[in-house]
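Here is a friendly briefing to keep beside the viewer. Please load the model before reading on.

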Amino acid sequence: MTTALAGGLDQIVVVVAAVVWAAAAGFAFAAFRPPHDPRFHLAALALSAGAVVVSGVRVVLTARLMQAGWWFVAEKVLLALPLLLVPMVYALTTTVPALLRRDRDPKKAYPLILTAIGAIIGVACDVIVSYPVTVSSALVVMLVGGGAAALAWRLVAGGGGDRWRIAGFAVALTGVVWAVSGSFSGTPMHAGHDTATGGVSVASLRGPADPDARRYTLTAKSSSLTVGGRTVQTWSFNGQNPGPTLRVRQGETLEVTLRNELPGDQGVTIHWHGYDLPAGEDGVPGVTQDAVKPGGEHVYRFRADDPGTYWYHSHQNSSVAVAKGLFGLLIVEPAEGDHTVAVHTYGNVKTLSFDDRPPTDRQVTAVIPPGSPVRLRIADTDSTPVTLGLSGVDFRLRSVDARDVAGATTLRDRRIKLAAGGRYDLAFTMPDGPVMLSVDGHPGLALNGQTAPATGEPLDVTRYGTLPDLREDFDQEIVWVLDKTFAMVDGVPRLAHTVNGKGYPNIPTPVVREGERVKITIVNRSGDLHPMHPHGHHVEVLSRDGRPANGMLVDTFDVEPGEVWVVALTADNPGLWMSHCHDLAHAVQGMEFHVAYEGVTTPYDIGGPAGNHPA
Ligand code: C2O
Ligand code: CU
């Protein structure tokens with residue numbers, strides 16, 4: 001059984017346990033009261049037996065999850081199971097014998113009611129407690145449970161006046177207040193504001209001015225696009241969807257002037273996704289600049305020393321802006337025989353755009369002379385992964401996220417899953433016959449005619465190429481546990497995508513020092529896929545789910561439900577760096593945070609008069 005399956009089953013079983021224990025307690029309470037219907041005794045006994053079995057299943061699933069790591073079970077072992085199993089033993093030794101004896105004392109139902117409360121608390125734990133279990137979250141759970149237990153006692157004992165009710169409500173209320181104030185919030189990190197005084201401002205970490213720079217102007221405007229037979233209102237750069245592909249030679253300086261001609265109050269920035277540039281050019285509103293308001297302008301400059309396939313996109317309200325079309329590709333050449341492919345969903349039409357042609361939901365065709373080298377630079381600019389396939393030719397996955405894969409071997413008819421925000425370069429020599437690039441199993445790009453989409457085994461990219469011995473020495477360790485729990489996001493309580501139990505901006509900011517090698521363990525406890533994207537750095541993949549990896553360098557990688565990834569980050573680019581899930585809907589629902597370098601500060605603010613909002 002996979003970790004994801006065990007976790008998913010446990011989420012169902014915890015609810016079933018609560019329902020069955022609650023029903024057992026209800027029948028027991030009824031059985032102990034007039035008219036003492038014997039059918040109630042039977043029902044209570046049968047339901048209790050069933051509930052014991054279901055609780056046993058919970059224990060087994062927890063044991064299975066524990067094999068995947070303590071991160072997956074901490075709150076179950078520390079809170080949910082003790083609060084279920086201890087009253088369960090109490091009920092089995094008191095309520096059950098009383099039911100068998102046909103006792104007539106309603107107080108005898110109390111242990112079973114406590115067990116039901118424990119089981120219901122299990123559901124609450126699932127929704128509100130993540131990893132790590134904090135004292136405040138544990139207290140919330142205990143206080144709410146204590147309040148419920150007090151109310152239940154008043155119910156079975158009868159009378160007792162209002163004291164019990166008031167006490168019960170007071171305790172429960174304290175729990176709720178605690179929940180909102182303590183457990184789910186935290187100290188909002190104004191990135192870097194609290195690091196060293198007299199440090200360096202991110203605003204000063206800029207690229208060089210260069211008279212010979214390669215210059216582009218990108219103007220954000222509202223546009224429209226006809227695709228899949230319908231017209232979609234989009235936002236574009238220079239009226240183009242996708243935005244123009246920017247090309248620059250390795251070693252040149254790129255200078256891009258951003259102008260905003262969007263209507264209303266909609267700000268724009270440009271984030272150079274995957275390019276490890278000086279922090280002040282990173283385009284994150286509220287961290288590295290203020291959002292550029294309509295009528296405004298901002299200039300980005302950086303030296304393009306690292307060749308490869310990148311993309312750029314607005315980072316202001318990115319969950320909306322990118323979907324609407326504020327993105328394009330960035331290619332740092334040398335390039336030989338290269339072509340670009342951008343996958344993007346406009347409205348709800350999934351499209352492919354080949355070499356800056358307009359996007360289409362139909363198959364794209366092109367002709368390439370046999371014998372010529374081809375490099376398909378493919379970017380997934382959506383918030384969900386795509387499965388690519390290449391058939392008709394032997395090919396190599398030459399690079400992932402703009403970094404060459406060492407020892408890239410020949411592949412044929414294989415499928416490869418590309419993370420949201422990630423890029424793959426597929427390289428081959430054009431054969432005499434046709435070649436097909438498929439997207440999610442459908443014909444995408446047909447070169448020199450038709451052939452069937454690839455159906456071969458999916459490739460595990462983390463074990464492709466050579467598997468070297470990877471360095472295991474670290475200066476610092478960070479753990480990011482991804483989950484879906486109740487948390488504060490932007491000051492509002494909600495069901496959120498959390499990191500270490502918190503939502504943006506309350507996720508703790510790790511502080512690294514320049515030169516450090518940092519081990520980052522990413523654990524996905526949730527049932528959702530999270531394409532994680534640290535800015536400003538490529539991280540080295542050391543292992544995926546305990547299996548040693550090829551050390552490939554990535555800037556965006558899919559952490560599947562139940563998976564544990566271990567990556568190494570070399571702290572060689574001082575700044576304040578956003579880090580987030582590139583399913584941008586998840587980012588806006590809490591899953592974004594920062595990594596700060598010691599001594600780097602920012603003069604910018606999230607929110608505020610500039611309305612900065614990265615997600
Ligand atoms: Cu494409 Cu913050 O990223
Ligand atoms: Cu996510």
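This is a predicted model: local features need pLDDT of at least 70, side-chain atom pairs count only at pLDDT 80 or more; totals for chains, interfaces and linings use all residues.

Residues are numbered from 1 along each chain as its sequence is written, chains are lettered from A and ligands numbered from 1 in the order in which they are written, and side-chain values use heavy atoms, with hydrogens and water left out.

**Whole chain**
- The chain has nine helices and 34 strands; helices (H or I, at least four residues) and strands (E, at least two) are DSSP runs, numbered from the N terminus.
- Its C-alpha atoms fill a box of roughly 90 × 60 × 55 Å along the principal axes.
- Of the 615 residues, 54% count as buried; buried means under 20% relative accessible area, exposed over 50%, and partly exposed in between (1.4 Å probe, protein chains only).
- Among contacts (heavy atoms within 4.5 Å) with a separation of 6 or more, 73% join residues 24 or more positions apart.

**Nonpolar cores**
- A nonpolar core is a set of buried Ala, Val, Leu, Ile, Met, Phe, Trp, Tyr and Cys residues joined through side-chain atoms within 4.5 Å.
- The largest core has 70 residues, of which Leu376, Leu397, Leu426 and Phe428 touch the most other members.
- Setting aside neighbours within four places in sequence, phenylalanine 428 has contacts including Pro373, Leu390, Phe395 and Leu447.
- A second, separate core holds 47 residues, among them Val20, Ala25, Ala28 and Val129.

**Copper site**
- The copper ion (ligand 2) has His530 (ND1), Cys581 (SG) and His586 (ND1) as protein donors, 2.0 to 2.1 Å away.
- Donors are N, O and S atoms within 2.8 Å of the metal (3.2 Å for Na, K and Ca); water is not among the atoms, so sites may look incomplete.
- The sequence spacing of these donor residues is H-x50-C-x4-H.
- Histidine 530 belongs to strand S26 (residues 530–534) and histidine 586 to helix H9 (residues 584–588), so the pair ties together parts that are 56 residues apart in sequence.
- Histidine 530 and histidine 586 are both buried.

**Surface details**
- Valine 16, in helix H1 (residues 3–31), counts as partly exposed because its relative accessibility is 35%.
- Threonine 134 sits in the loop between helix H5 (110–128) and helix H6 (135–157).
- With 29% relative accessibility, threonine 134 also counts as partly exposed.
- Threonine 134 and arginine 414 are 280 residues apart in sequence and 45 Å apart in space, C-alpha to C-alpha.
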